[in-house]
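Hi,

Here is the structure I promised to pass on to you. Have a look at it first, and then read my notes below.

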Amino acid sequence: MALSDARHAPVAAIVALCSGTEIAWPVPGAGAAAGHRPGALAWLIMLLAMAPLLRIEVGLLWAAALPRRRLTAVAAFAGAYAAPWLALGFAALAAPAPAPVALAAGGALVVAWSCAPLRQHCLNACHARPSVRAFGPAMLADAGRWGLRTGALCTALCGPAMFLATRLPYHLPAMAAVVLLAAAERRRPPRPPAWRLPLTGRPPLPWEARIISPPPNPAQT
Amino acid sequence: MPFVRKEIRSLGATWNDTTLWYATAVGKLKERSFTDPTSWWFLAAIHGFHPVVWTEFGFMDDQTPMPTPDRLALWSQCQHQTWYFLPWHRGYLYAFEEIVRSVVVAEGGPADWALPYWNYSKDAAARVLPEAFAEATLPDGSDNPLFVPRRYGDGTLPITIPPFSVSLQALNASTYTGGDDDIPPGFGGPETPFHHGPEIQTANGAVESLPHNVIHGDVGGAEPGTDPNQWFNLGLMSMPITAGLDPIFWLHHANIDRLWTIWSAMPGHADPTDGDWLDGPADRGFAMPLSDGTTWQFTASAVTDTRAQPLDYCYDDETPPVLPSRVATRMAGLAGRAVAPAGAGAVREVEMAGGDPELIGASDGEVRVAGRTRAEVKLDEAGVGTLRTSLARAAAAGGGAAEEPARVFLKVEGVRGTADAAVYHVFVDIPPNADPADYPERLAGALSLFGVSDASAAGGPHAGNGFNQVFEISGIVDALHLSGDDLARLDVQFVPSNKASEASNFAIRRISVFKLGE
């Protein structure tokens, strides 16, 4: 199946996600990104390729759940995790192919975001472990909330680069590169937010990683 | 002939030669510069350091010269909540002792000087801080380098360790390495790399919990009348970033090191044979300065035998204490007897039998502890059902069961806060307003918050997730079962172990109950 009408992209994406059929990228303008054919299948493959990155969270959730509710907990987590990515995927499929200038500008923005302190905040937040209750609907809510939070953080961290990758020639290798970058970043310990290139900079010294303020001056209180 | 580390009170008078030479050497080391790897300051910073805290406590200022980056890499190596806790501290202690001995010899002291240890578990008198560390002056009237003003205990003098804090129950741990999900915690702690970030288990091993962590808090404490939740009110021993600055730190750790020696020699016990431990950590080596200016790189395998080179030391008392067997005591309890039934020693432990821990209960989310605090843990009927069957089978066997019934563990997950000196006792199922002292059989263990500030720092290696503490409560659950309790829920109470801990507070992500075995 090949749908080239941008208006039908969401429908095509759903069909493709269900059937595993790769669809053609909608190209509304002649010449813009011509020849690039990323689709819903590529997005789905990307999402599955990201799954191993969740090994830590799923392992923690598995251990934290009652045995008879482990699968349910993981399903709630995974479903919620996928939601932000699917939303971005639908947006990516629906959006028109950008002009080269817009592509370049988007690339600059992605690079800037990759170096931003706020992004390091998000990376640090990925390491946080929320409390997951064990009983009743609260367990589903907590597992789902954790999945949604993790998915939202991942989408914020890697979504822009992934979005851009879909618009590049050889988009599958580009998307794979983003996945590898994400995996490498995920393995790094938290560090104080600062402007820096991804995967660069020495690890923080222990005393740099813990911010301690001097005690209040009694004369000023 | 190896160097012999001796119990400090067995050496005689307060100012015996060994202790006096230690004081002299500490004084000399304090005269050395921060940039000198053999200085008191450098050696303490290898355990932990923070410029804001050290400045506030008067150990440095803006003008203090700092070591070069390659030497700075030796600082803040300390290993906690990891299976490297014991080998790293053994190497650390060895390097410290070697440097101190070189100073002792240079000052005209004995060539066989060895670091004494503080055996606070010996008897009631031994729980008092050794007098040489509490006196402000040396016999000649000069300042005593072993005296530390920022050492508060529970606010009363002399500093005396509470009886439960010197428990040696850790020696009953069957395995060195912690199990899956920290169940059981193991004698030495969980398997981790050097940098054990938030994704890795972060539970204290048995000996690290008790007596190690608890003694840190009991000795360091917080300044009386101040807020124990503020770092600037804490004693040096209360925080990993300052603990090495207190001369008693080294005698405390010598005793912990001695307990490892004792544990390893006990029947059925063995250090890990895993290459990841013996040759690890792979992600970063351990390194210590020596008196000749070189740096000693070592792995765990280099320190398993204290009598071998380069360590070459032993303790004057490596005799295992007489402890009631955990399994035998338990089987006797289930059989309704006061003493272990015949043949109980042959009962196969669940720990040895293997199996995955299984969650059977949890608190309803987060718990905030501030002073004496109760928390309810709901138990799952399905999990409790199999537990009841297991306990009933063992009880029916009248102590003749071939295998230990399922074990039960209370896991306090994600302990976060800033009150590093606090020590809480954790009781299970005692009446709300009862005096906990009347229920010693319901005491699950002691929870020390030593290191909690570091573990709670959002940008730190724990990503603010805190640490875990595991208590075995099999005996308590056995008793509840035999009393007819339906085990639908457990009432957990956190009781400050002393007055200094009453004003402290902390958060717990969840309290869980795990079952191990069938």
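B:W118 is buried, with a relative accessible area of 0% (buried means under 20%, exposed over 50% and partly exposed in between, using a 1.4 Å probe and protein chains only). B:Y120 is buried too, also at 0%. What kind of aromatic pair do B:W118 and B:Y120 form? It's edge-to-face, at 5.1 Å centre to centre with 80° between the planes. For aromatic pairs, ring centres of Phe, Tyr or Trp (its six-membered ring) must lie within 6.5 Å; planes under 30 degrees apart are stacked, over 60 edge-to-face, and the rest tilted. Over all chains there are 38 such pairs. One aromatic cluster includes B:Y22, B:W40, B:W88 and B:W250.

Before going on, keep in mind that this is a predicted model, so local features need pLDDT of at least 70 and side-chain atom pairs need 80 or more, while totals for chains, interfaces and linings use all residues. Residues count from 1 along each chain as its sequence is written, chains are lettered from A and ligands numbered from 1 in the order written, and side-chain values use heavy atoms, leaving out hydrogens and water.

Now for chain B itself. It splits into domain 1 (3–315) and domain 2 (334–516), with bounds from an automatic or database domain assignment. Their C-alpha centres lie 28 Å apart. Across the boundary, 37 residues of domain 1 are in contact with 37 of domain 2 (contact means heavy atoms within 4.5 Å). The two domains bury about 3,200 Å² between them, with carbon and sulfur atoms giving 60%; buried area is the accessible area (1.4 Å probe) that two parts lose on being put together, summed over both. On the domain 1 side, B:F164, B:I183 and B:N229 lose the most area, together 20% of what that side buries.

How many salt bridges link the two domains? The count is one (a side-chain nitrogen of Lys or Arg within 4 Å of a carboxyl oxygen of Asp or Glu). B:D182 and B:K411 also meet in a salt bridge, at 3.1 Å from N to O.

Finally, the two chains. Here 41 residues of chain B are in contact with 30 of chain A, and the area buried is about 3,000 Å², 61% of it from carbon and sulfur atoms. This interface has a count of one salt bridge as well. A:R68 forms a salt bridge with B:D380, the closest N and O atoms being 2.1 Å apart.

Cheers
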